[in-house]
Amino acid sequence: TKDKELIRGSWESLGKNKVPHGVVMFSRLFELDPALLNLFHYGTNCDSTQDRLASPEFLEHVTKVMLVIDAAVSHLDDLHSLEDFLLNLGKKHQAVGVRTQSFAAVGESLLYMLQCSLGPAYTAPLRQAWLNMYSIVVAVMSRGYAE
Ligand code: HEM
């Protein structure tokens, strides 16, 4: 369908540079909700936001998130095949103290990153297509969280 074409077409280039795009996304997230920075563990409590954004823990997580998005894009035709993985992922986030409301902020940050990277190619239908896919991912993660 059209949604899938829009998502695949836009991810084709972004997916080649996952980490830099993921950094844009999470920098936005921490702007929206700075307290989320504290969920990652760092050497001291006094590191600046700048230090934290450059830390291996943060960059590894960014990479993990981008790989999940990449998996969702490659499984657009059978997203349910990711169900067990996503249920478990939701459970893990409960264990590390992330609240499910924060997943919505990640969605906003994802759209922000797409807007920055795609420029004029960021259209209303494209935005909606990504939002639809991300909402499915988050719905399954939230279900796993609650279980
Ligand atoms: C693991 C935080 C959202 C994917 C983790 C961990 C933390 C964390 C603290 C454990 C440490 C680590 O493995 O780096 C957060 C925060 C989020 C968030 C604060 C914002 C609300 C997401 C989203 C995804 C994701 C939206 C994917 C769509 C992962 C993956 C792992 C992970 C794949 C590794 C799980 C494993 O160990 O098997 N996250 N996370 N995270 N996160 Fe997130």
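Contact means that heavy atoms lie within 4.5 Å. The exercises below use a predicted model.

**Exercise 1. Which residues does Ser 102 contact, leaving aside its neighbours within four places in sequence, and is Ser 102 buried or exposed?**

Step 1. Find the residue: Ser 102 sits in helix H6.
Step 2. With neighbours within four places in sequence left aside, the contacts of Ser 102 are Leu 29, Asp 33 and Leu 36.
Step 3. Buried means under 20% relative accessible area. Ser 102 has 6% relative accessibility, so Ser 102 counts as buried.

**Exercise 2. How many residues apart in sequence are Leu 118 and Leu 14, and what is their C-alpha to C-alpha distance?**

Step 1. Leu 118 belongs to helix H6, which covers residues 100-118.
Step 2. In sequence, Leu 118 and Leu 14 are 104 residues apart; in space, their C-alpha atoms are 8.8 Å apart.
Step 3. Leu 14 is among the residues that Leu 118 touches, together with Ser 10 and Leu 126, when residues up to four places away in sequence are not counted.
Step 4. Leu 118 counts as buried because its relative accessibility is 15%.

**Exercise 3. Which protein residues are donors to the iron atom of the ligand, and what is the geometry of the site?**

Step 1. The protein donors are His 61 and His 93, each through NE2, at 2.0 Å from the iron atom.
Step 2. His 61 lies in helix H4 (residues 56-74) and His 93 in helix H5 (residues 83-95). The two histidines are 32 residues apart, and the pair links distant parts of the chain.
Step 3. Both His 61 and His 93 are buried.
Step 4. The iron atom has 6 donor atoms, with angles of 85 to 179° among them, and the site is octahedral. For comparison, ideal angles for six octahedral donors are 90 or 180 degrees.

**Exercise 4. How many residues are in the largest nonpolar core, and which of them have the most contacts inside it?**

Step 1. The largest nonpolar core has 45 residues.
Step 2. Those with the most contacts inside this core are Met 25, Phe 30, Ile 69, Leu 114, Trp 130 and Met 133.
Step 3. Two or more residues each come from helix H1 (2-14), helix H2 (18-32), H4, H5, H6 and helix H7 (124-146).
Step 4. H7 gives the largest share of the core, 9 residues.
Step 5. Take Trp 130 as an example: beyond its neighbours within four places in sequence, its contacts include Leu 6, Trp 11, Ile 69, Val 73 and Leu 114.

**Exercise 5. How are H4 and H1 placed relative to H7?**

Step 1. Two packed helices are described by the angle between their axes and the distance between the axes.
Step 2. H4 and H7 pack at about 110°, and their axes are 11 Å apart. Angles of 65 to 115 degrees count as roughly perpendicular, so H4 is roughly perpendicular to H7.
Step 3. This contact is made by Ile 69, Ala 72 and Val 73 of H4 and Trp 130, Met 133 and Val 137 of H7.
Step 4. The axes of H1 and H7 cross at roughly 95° and come within 9 Å. H1 and H7 are therefore roughly perpendicular to each other.
Step 5. Residues making this second contact include Leu 6, Ile 7 and Trp 11 of H1 and Leu 126, Ala 129 and Trp 130 of H7.

Note on methods: Residues numbered from 1 in each chain as written. Predicted model: local features only at pLDDT ≥ 70, side-chain atom pairs only at ≥ 80, totals over all residues. Heavy atoms only, no water. Donors = N, O, S within 2.8 Å, 3.2 Å for Na, K, Ca; no water. Tetrahedral: all angles 85-135°; square planar, octahedral: opposite > 155°, others 65-115°. Helix = DSSP H or I, 4+ residues; strand = E, 2+ residues; numbered from the N terminus. Buried < 20%, exposed > 50% of the residue type's maximum accessible area, 1.4 Å probe, protein only. Core = buried A, V, L, I, M, F, W, Y, C linked by side-chain atoms within 4.5 Å. Axes fitted to C-alpha atoms, helices over the stretch in contact; angles between N-to-C directions. Parallel < 35°, antiparallel > 145°, perpendicular 65-115°, else oblique.
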